[in-house]
Amino acid sequence: MANKGFGGAKSGSSQSAKQFILKFQKYWEANPDLKKAHQFFSSHLSELNESLLKSLPALFRDLTKNKTSQEQYPIAALFGNFGTVIRDFPLGDRALNLELGITALQQILKVFTRNFFPKEWAGTQNNLGNAYSKRIRGERADNIEQAIASYELALQVYTRDAFPEDWAGSQNNLGSAYSKRIRGERADNIEQAIASYELALLVRTRDAFPEKWATTQNNLGIAYSDRIREERADNIELAITSYELALLVYTRDAFPEKWAMTQNNLGLAYSNRIRGERADNIELAIASFELALLVRTRDAFPEKWAGTQNNLGNAYSNRIRGERADNIELAIASFELALLVYTRDAFPEKWAGTQNNLGNAYSNRIRGERADNIELAIASFELALLVYTHGAFPEDWAMTQNNLATAYWNRIRGKRADNIEQAIIYLQLALQIYTRDAFPEHWAQEQENLGTAYRDRICGERADNLEQAIYLYNQAAQIFTRESYPQKWSTNQAHLAEAFIKRAELTNSCTDLDTAIELLQSSLELAVVGSPDYIDTNYRLGNALSRRYEHTKNAADLEQAMQAYKIALDAISPEHYDRKQIWQALPTTQVILGSRLVSDGEWQEGLQMLLNSLTQLRTGDEPLAHANALYQTGRAYEIMSDLDKARLYYRDALRLYDHLRDNLGVVKSRAGLGNVLVSQGHLKKGISELTQAREGYLQLHKNDLANEIDNICQAAQRALERQTTEVYV
């Protein structure tokens, strides 16, 4: 009886489509429930195909042909139900499901016209907006514009006075579309989203519509999380408040799925929180994600399970507590779990996002070979860019360009100079989207990252590169202020200080070192104790103070340098080598601190630090640091009068410096070796090494050191002459 009045379709594909739709109608009339309808689709996956999609318009036309509007109404309602249910079906070909939904909803507008069925017309426009918001095919920007247009059409009928509940629903949906909008100014779009949600809340009160009130509070939280205008810290606090309000209604018992959704969103807000202790916030984020996963299981909610696994991976990537190496492995495991559901075919956008996050995790990975991890990171970012194109996902495209830049900056394989140039190219590409007006925070981060690339650049003039780096760090500081972005301000200050330290190497300027020390000391006021930035900054401070001591011979500088090195040393363990610079910090700090201790008479402690550093550097990928450690160990043995060992280490240092073509290292090693040989009575060999050292210092324009070597050389020559005379007599 339910099929009465439906016309026939002639072609095989149309006939199959008709049979399928009528089967759905029969099932829906018996089970008008979303989950049960999805079960129906699960058992008929093979019938959800391109042939059905192509047949829907002709089928609708045939079924409604020669019928009155009243007779057409149930057919339109059937297609409306099918379109709405298939739109949200998560299995099979997700892109196709959305196309089926859109096509079905478009057909019924031929029956549900604004003049004859205004409420149904508005409802269909609203549902079409929901489908276009999620659409995979077509240009993402176009789809969102179409969604906005559909919601605005719905609101022409759904006025607050005539249909207050529906008006509020469409305002809520319009807010969601503006939150995702690509065209127009991002800041304006988010403000529009917030305004729409606040309008919806005029009707959706907690007392009148508690569930819908909670939905809009959750959405408002998302908008505040993404907000560009006003203070970032304030916006995140507003987001957390909105999520916590939503959870007053969305309890696990009453609304388990929505409770889990809001826990997930709350976790995201805590992940980005500025106020409070960073370590505490990340632990709160992890706790929220794990709560969400109590409901969001892979079997029950595969797509949402994957989303929360992805978010949990990001939280573990940023975690401060626990072992860093363990946290990154947990992050990688979470991302790989997410990719079991987020395939490129089914969820291309989310697949790309997770590939991007996996790339970040491999970039920071401690376990495994560092060079291999970075190559895996680059591969993941390049996969993400297969979906994240400039046109379809400009913001995500820019984010991934930035991440590729970071990977190339850290890359071990290939030529270092080429890798840095590639990093600069990727950062400049990202700035095509990350403009100061549209994305001030991202723009500032790109300025800082570009500053770091120019600071370490090999191509071009060194002095020009450093000037550009200093300029870029100062640009970043216009957004990354101490008040608005305390942690990012702290990091940027430290990077700017490093540029001044490097410029001081070129100019021999004590003023640049003074500036660097002030920047580093201010940075440490806000750095998270024990974090990689905290270790980096103490290490840099030790370097800057140590170098200033070489100028001033001020004992206070040396004392403070040793203190900074000790702080860095105490904060580092092998499990915290999450970046190349941190990996270097332990052995390099031990070399510097060990040599200082030997100079100050604490021979045994200093020598032990030097030997420890050598053990690690022999198996590392930092030959220059290894050479420096060999030289300092030789010097320590010379001070301790163990001349045989001193000679051995000076020779090893000389060989490695010569291999590296480090002229200063070669010269100072020859000077040390010559001194030791002379002291042991090997005068001819010692004079030969000292003569070469003197010539080397002169070529390096270090005349004072050349003069010192010349004095030693002359004394050795006189001793040799006396020795020859005595033998002759």
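A crossing is left-handed if the near helix is turned anticlockwise from the far one by less than a right angle, and right-handed if clockwise. The views below show a predicted model, in which local features need pLDDT of at least 70 and side-chain atom pairs count only at pLDDT 80 or more, while totals for chains, interfaces and linings use all residues. Residues are numbered from 1 along each chain as its sequence is written, and side-chain values use heavy atoms, with hydrogens and water left out.

**View 1. Crossing of helices α21 and α22.** The axes of α21 (residues 462-479) and α22 (residues 486-507) come within 10 Å and cross at roughly 160°. Axes are lines fitted to C-alpha atoms, for helices over the stretch in contact, with angles from 0 to 180 degrees between N-to-C directions; helices are DSSP runs (H or I, at least four residues) numbered from the N terminus. α21 and α22 are therefore roughly antiparallel (angles over 145 degrees; under 35 counts as roughly parallel, 65 to 115 as roughly perpendicular and the rest as oblique). Their crossing is left-handed.

**View 2. Crossing of helices α6 and α8.** Helix α6 (residues 118-134) and helix α8 (residues 164-180) have axes that come within 10 Å and cross at roughly 25°. The two helices are therefore roughly parallel to each other, and α6 passes α8 in a left-handed crossing. Lys 119, Asn 126, Asn 130 and Ser 133 of α6 meet Asp 166, Ser 170, Asn 173, Ala 177 and Lys 180 of α8. One nonpolar, five polar and three charged residues make up this contact.

View 3. Asn 310 lies in helix α14 (residues 302-318). Its relative accessibility is 10%, so Asn 310 counts as buried (under 20% relative accessible area; exposed is over 50% and partly exposed in between, with a 1.4 Å probe and protein chains only). Leaving aside residues up to four places away in sequence, Asn 310 touches Phe 335, Ala 338, Thr 354 and Asn 357.

**View 4. Aromatic pair Phe 60 and Phe 79.** The whole structure holds 25 aromatic pairs (ring centres of Phe, Tyr and Trp, the last by its six-membered ring, within 6.5 Å; planes under 30 degrees apart are stacked, over 60 edge-to-face and the rest tilted). The ring centres of Phe 60 and Phe 79 are 5.0 Å apart and the planes lie at 70°, so this pair is edge-to-face. Phe 60 belongs to helix α3 (residues 50-64) and Phe 79 to helix α4 (residues 69-87), 19 residues apart. Both Phe 60 and Phe 79 are buried.

Terms used
Contact = heavy atoms within 4.5 Å. Nonpolar A, V, L, I, M, F, W, Y, C, P; charged D, E, K, R; others polar.
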